Protein chains: 2
Amino acid sequence: MHLFKKIAVVSAALCVAQLAPAQTLPSPESVSLDKLGLMSTFPPTDAQRVDLSNSYKYPQMRFAAQHLREFVPTRNIRHGSAAVAVLPVDNKSIGSFVFDDDKGNKTTIDEWFKASYGDAIVVLHKGRIVYERYDNQMKPWTPHLLFSVTKSFTGLMAAQLAHEGKIDPNALVTKYVPELAGSAWGDMPVRDVMDMTGAVRFREVYTDPTTEIFGYNWASGLMPRPPGYQGKTNVYDFLKTLQKEGEHGAGFVYRTVHSEVLGWIVSRASNKHWADLMSENIWQKLGMEEDAHVMVDSVGTPLQGAGLNATARDLARFGEMLRRGGEFNGQRIFAKAVLDDTFVKGGDREKFKAGGMPFRAGYSYHNQWWMLHNADGAYEASGVHGQMIHVNPAAEMVVVKLASHPVAGAGFTHAMTLKAWAALAQAVRQ
Amino acid sequence: MHLFKKIAVVSAALCVAQLAPAQTLPSPESVSLDKLGLMSTFPPTDAQRVDLSNSYKYPQMRFAAQHLREFVPTRNIRHGSAAVAVLPVDNKSIGSFVFDDDKGNKTTIDEWFKASYGDAIVVLHKGRIVYERYDNQMKPWTPHLLFSVTKSFTGLMAAQLAHEGKIDPNALVTKYVPELAGSAWGDMPVRDVMDMTGAVRFREVYTDPTTEIFGYNWASGLMPRPPGYQGKTNVYDFLKTLQKEGEHGAGFVYRTVHSEVLGWIVSRASNKHWADLMSENIWQKLGMEEDAHVMVDSVGTPLQGAGLNATARDLARFGEMLRRGGEFNGQRIFAKAVLDDTFVKGGDREKFKAGGMPFRAGYSYHNQWWMLHNADGAYEASGVHGQMIHVNPAAEMVVVKLASHPVAGAGFTHAMTLKAWAALAQAVRQ
């Protein structure tokens, strides 16, 4: 199966492993960690070394996705001492389920998982594990870098704080973060941050170091700074430099920096570090199996738009809590009204069209979540190299898929992913 | 109580928070994290910022001792999914126990804990917690930086591998690490690494950046490198540069670099990363409550002489396993013969005298542990800012004391610590 032989690179929230357009992709087998042997000796050979200078390149990124904390500072998201919420297992023959891929060829769930550079997949049906698979050295206890799935945690925490009256979506950002007065966020309502409809000049052209994505990567510490670097050395200082371009509220344009601003607002409104909120309000309550962690910059700021690392099963517990309307493990995590507003009402589908994501036709974006607006009422969180939490309420299904595919963009796999979601929804109902 | 008003700085394994000699010390209250407010806002103010540039300074080091992973790359030491080995609690009035301090004044265990900048203490008697206290924002689940306590884990793992025939203490280091042929370790037997009797020029003069300790701190990433730095960028490359000075086996001289070499030998002999050995052989077997972690350098090398972080209770479980002769939680961790050789037979007390540690008169050092050779048969692991695991077999007592005192040297507190050990041994027998 070679589903993804040649593709075009699409725009991405956070490009970490960019390939040239229309480049021939390596087969998943050729870039498996077992085959590559990265960092497997003491010390690694030069050829097998992964460090901050190449952790965003391919195939080294495959290793970094499971070992980020070994390259960068991180803050723990403790799951605490409460009993694990055991997910009952009811294995079905999901892997061999046959379906038509996006090219009209027959494939199976197992083949799709492999061909899409999958590291882990957990499928819950009515809260029971019906399919679980790991590859590429990943284990059930390995925290995987989630990239923009991180945003969806930040977004729901912000929406919950708004529900509790601690954040006013109609207030200006500067009510919470006066430091942003001179930036694009100076006259922006919080709602436009939550839904990424605020107008900020933030270009992501990976061949042009004058575009703002480079400033973000250097300031955050995601990429090593060039010699003689004089730029900002933390995320918040970098955000202050970004300027307005266009009109707030006019249309959705996906920009990671909005999530960083939203996280800043969340910390100010709650007076808690994002990692502590995640631990106290989510990880300690859901009976998680493992601690999660988040990358932090040089002043301890978590990368609230890209830096979360967690295991597939713990993400499945989170998804199941959403599917059940905000309760799981005997704990209410989010108000049902927050989830209904986010997932049922969703975002503005007209404004979404401005985002230039034709592969997500019909979607909306709200509170940092993607709503499919399909017949099943599905919604999802999505990271740039194939990390996804997909919830299908009608099928009573939650899918967590973690991957490390070679193209920095959800568009790379999206047509095929939609086919797989539909196939899984069929398969679990068998 | 001002037990430590003025002291002289003594030599230290790893100086992280050096003060000038005979400087007046801050009172513990004045450098409590609650008072300092370090890193407590989003972002921190400049005055309250802790980052790699000042994490080895005082009082910032107090914060770093509980938050190291937020500044540097680390590797997880997973405790796994096994049930926690619950330590029964049998609180006794240990804290108010009165004893004579090293100046002949009356004090109490509580006062000693506070005056010595204690962050945590757990005292076990016959395996039961009889005294447990936390201060300075530390919690039972906080992993604390252990500095040279790390060495004692490396040393016992090496001794166990020797017992299993996987390391030959009489072989040359180069049997396992041929890369060290041109260094001080080129003609050194492994035994002289394990006991720090190998002759290597490694000076620690914190006012002189030409001494080797600076190279170690810069290569490892413990300290930020100066502008234009051209030196080594990882620990193993740095070790290769160190040269012989004197005769191997002549005398004990405490040098952190021996522990790094020993860890290298352990990785080569076991073909496992030090963190994985720690997880599989120790942390997953002892019913630990929390994951531990270790700082790694730019190529993933753990700081096997200084980089371990763990909670007080988990260290108490480790100490209790030692006290019970290698078994705890239904698991055998070390052969009894390994522990008898280390703790009962101990090291060479004559060779120990070369080490220039008069405050440790009568001690020996063997397999990276300190043996007191007192009537109780006590032994201990010790870190530079007051981190200790102290085992007193006769009193059936294990003490874990974690601190962040302002002087980089065990000599700072040692006379008083010996008084406290004796008092605790009396108190637990009440």
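In helix 4 of chain A, the residues A:Lys151, A:Thr154, A:Gly155, A:Met157, A:Ala158 and A:Leu161 meet A:Ser259, A:Leu262, A:Gly263, A:Ile265, A:Val266, A:Ala269 and A:Ser270 of helix 8 of chain A, where two residues are in contact if their C-beta atoms, placed from the backbone, lie within 7 Å. The residues of this contact between helix 4 and helix 8 of chain A divide into seven nonpolar, five polar and one charged; Ala, Val, Leu, Ile, Met, Phe, Trp, Tyr, Cys and Pro count as nonpolar, Asp, Glu, Lys and Arg as charged, and the others, Gly among them, as polar. The structure is a predicted model, in which local features need pLDDT of at least 70 and side-chain atom pairs count only at pLDDT 80 or more, whereas totals for chains, interfaces and linings use all residues. Residues are numbered from 1 along each chain as its sequence is written, while chains are lettered from A and ligands numbered from 1 in the order in which they are written. Helices (H or I, at least four residues) and strands (E, at least two) are DSSP runs, numbered from the N terminus.

Two packed helices are described by the angle between their axes and the distance between the axes. The axes of helix 4 (residues 149-163) and helix 8 (residues 256-270) of chain A come within 9 Å and cross at roughly 40°, the axes being lines fitted to C-alpha atoms, for helices over the stretch in contact, with angles that run from 0 to 180 degrees between N-to-C directions. Helix 4 of chain A is therefore oblique to helix 8 of chain A, since angles under 35 degrees count as roughly parallel, over 145 as roughly antiparallel, 65 to 115 as roughly perpendicular and the rest as oblique. The crossing of helix 4 and helix 8 of chain A is left-handed; a crossing has this hand if the near helix is turned anticlockwise from the far one by less than a right angle, and is right-handed if clockwise.

In chain B, helix 4 (residues 149-163) packs with helix 11 (residues 336-345) at an angle of about 125°, and their axes are 9 Å apart, which makes helix 4 of chain B oblique to helix 11 of chain B. This crossing of helix 4 and helix 11 of chain B is right-handed. From helix 4 of chain B, the contact is made by B:Leu156, B:Ala159, B:Gln160 and B:His163, and from helix 11 of chain B by B:Ala337, B:Val338 and B:Thr342; by class, these are four nonpolar, three polar and no charged residues.

Strands of a sheet pair through backbone hydrogen bonds, either parallel or antiparallel. Chain B has an open sheet of seven strands in the order 5-4-15-14-13-12-11, with antiparallel pairing, two strands being paired if DSSP finds at least two bridges between them. Strand 5 (128-134) and strand 11 (364-366) of chain B are the edge strands, each pairing on one side only, and the twist averages 15° from one strand to the next. Strand 4 (residues 118-125) of chain B runs antiparallel to strand 5 of chain B and is joined to it by six bridges, with B:His125 opposite B:Arg128 of strand 5. Helix 13 (residues 414-428) of chain B packs on this sheet, touching strand 4, strand 5, strand 14 (388-392) and strand 15 (397-403) of chain B.

In chain A, an open sheet of four strands has the order 1-7-8-6, with antiparallel pairing. Strand 1 (74-77) and strand 6 (144-145) of chain A stand at its edges, each with a single partner strand, so one side of each is left without a neighbour in the sheet. Two bridges join strand 6 of chain A to the antiparallel strand 8 (residues 308-310) of chain A, and A:Leu145 stands opposite A:Asn309 in strand 8.

The contact between the chains takes 28 residues from chain B and 28 residues from chain A. On the side of chain B that touches chain A, helix 8 of chain B gives the most, with three residues. A rotation of 180° with 0.0 Å of shift along its axis superposes chain B on chain A (RMSD 0.0 Å), the superposition being by least squares on the C-alpha atoms of residues with pLDDT of at least 70 in both. The two copies are thus related as by a two-fold rotation axis, and the C-alpha of chain B nearest that axis is that of B:Pro73, 2.5 Å from it.
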